[in-house]
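Hi there,

Here is the structure I promised to pass on. Have a look, and my notes follow just below.

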Amino acid sequence: MMKLLLANDDGIHAQGLQALAKALATEHELYILAPHQERSANGHAITLVTPLRAEPAPSFPAKHALACAINGTPADCVKLGLTELLKEVAIDWVLSGINHGSNLGGDIIYSGTVAAALEGALNGVPAMAFSLVDGQHADANFTAATSWIAEHLPTLIRLHQQAGFDARTAFNINFPPSQTTKAYQALAYCTLADRMYTDFYAKCQDPRGGHYYWLAGDPLTHTLEQDSDVTRVFQGHVTLSPIHASLLNVTALERLNTLI
Ligand code: MN
């Protein structure tokens with residue numbers, strides 16, 4: 001049995017979080033801290049100018065030691081949890097998700113799901129982020145992903161330990177579309193795809209004649225590296241990309257040090 005801090009960016013009421021908790025509740029002690037409303041694409045933002053409140057969520061459906069809705073960001077939830085609310089609890093792992101939608105390639109810089117995991121890593125608690133590729137659709141099914149996690153969590157933890165990773169190395173994990181995949185292909189270790197979007201802002205007119213803008217766009221369809229997370233997840237693999245809570249470009253620093 002492990003003590004697990006569960007967080008997400010889709011909010012305490014999100015199906016992905018509740019399904020994950022349900023799948024892990026019998027074997028583990030769960031501490032659930034999640035935003036009180038959706039905070040997707042909030043990146044690693046934290047709240048400095050307004051007070052945070054952690055309100056118990058009595059109707060949280062899975063068995064748990066603590067479940068609170070917090071009026072902050074995903075990173076706030078994990079930071080407040082590890083620093084204050086759970087300071088007497090030795091949390092073993094932070095698990096974030098399951099996100100309603102993918103966090104592939106360059107997505108992860110914007111992702112609140114990944115930020116919640118990295119906030120664990122920054123506080124010395126190893127972490128994983130889970131995302132379901134088509135999870136944003138109303139008919140998305142989290143069953144396959146949650147049973148995969150329940151079955152493979154010990155393997156993932158053993159991998160992290162065998163590799164000798166420090167706590168600042170987190171796992172970013174994506175699941176193939178739930179509607180097309182009955183059985184997942186093997187776990188694939190992946191690079192983060194250099195995926196670009198055809199970003200554009202829809203320009204619309206408000207009722208008073210002013211304009212407003214709404215981000216839209218699709219992923220570019222270009223050839224991606226074979227071992228990238230985008231390539232592999234659409235081949236049906238569960239993908240794992242190890243990520244780090246440091247933005248330092250180690251290769252570039254070494255390169256600078258070789259220059260006179
Ligand atoms: Mn989300």
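Which residues form one aromatic cluster? They are Phe130, Trp148, Phe175 and Tyr184. Before the rest, a word on the source: this is a predicted model, where local features need pLDDT of at least 70, side-chain atom pairs count only at pLDDT 80 or more, and totals for chains, interfaces and linings use all residues. Residues are numbered from 1 along each chain as its sequence is written, and side-chain values use heavy atoms, with hydrogens and water left out.

Back to the aromatics. The whole structure holds four aromatic pairs (rings of Phe, Tyr and Trp, the last by its six-membered ring, with centres within 6.5 Å; planes under 30 degrees apart are stacked, over 60 edge-to-face, and the rest tilted). One of them is Trp148 with Phe175, an edge-to-face pair at 5.5 Å centre to centre and 75 degrees between the planes. This pair links distant parts of the chain, 27 residues apart: Trp148 sits in helix H4 and Phe175 in strand S7 (residues 169–175). Helices (H or I, at least four residues) and strands (E, at least two) are DSSP runs, numbered from the N terminus. Trp148 counts as buried because its relative accessibility is 10%, and Phe175 is buried too, at 0%. Buried means under 20% relative accessible area, exposed over 50%, and partly exposed in between (1.4 Å probe, protein chains only).

Helix H4 (residues 143–162) also carries His160, which is buried at 4% relative accessible area. The His160 side chain reaches the backbone oxygen of Thr169 at 2.6 Å. Beyond neighbours within four places in sequence, His160 is in contact (heavy atoms within 4.5 Å) with residues including Trp93, Pro126 and Phe171.

The C-alpha atoms of Asp229 and Asn103 are 9.4 Å apart, though 126 residues separate them along the chain. Among the contacts of Asp229, leaving aside neighbours within four places in sequence, are Leu104, Cys190, Thr239 and Ser241.

Finally, helix H6 (residues 250–258) is where you will find Leu253. At 42% relative accessibility, Leu253 counts as partly exposed.

Happy browsing!

How values were computed
Polar contact = N/O pair within 3.5 Å; in protein donor to acceptor, adjacent residues only side chain to side chain.
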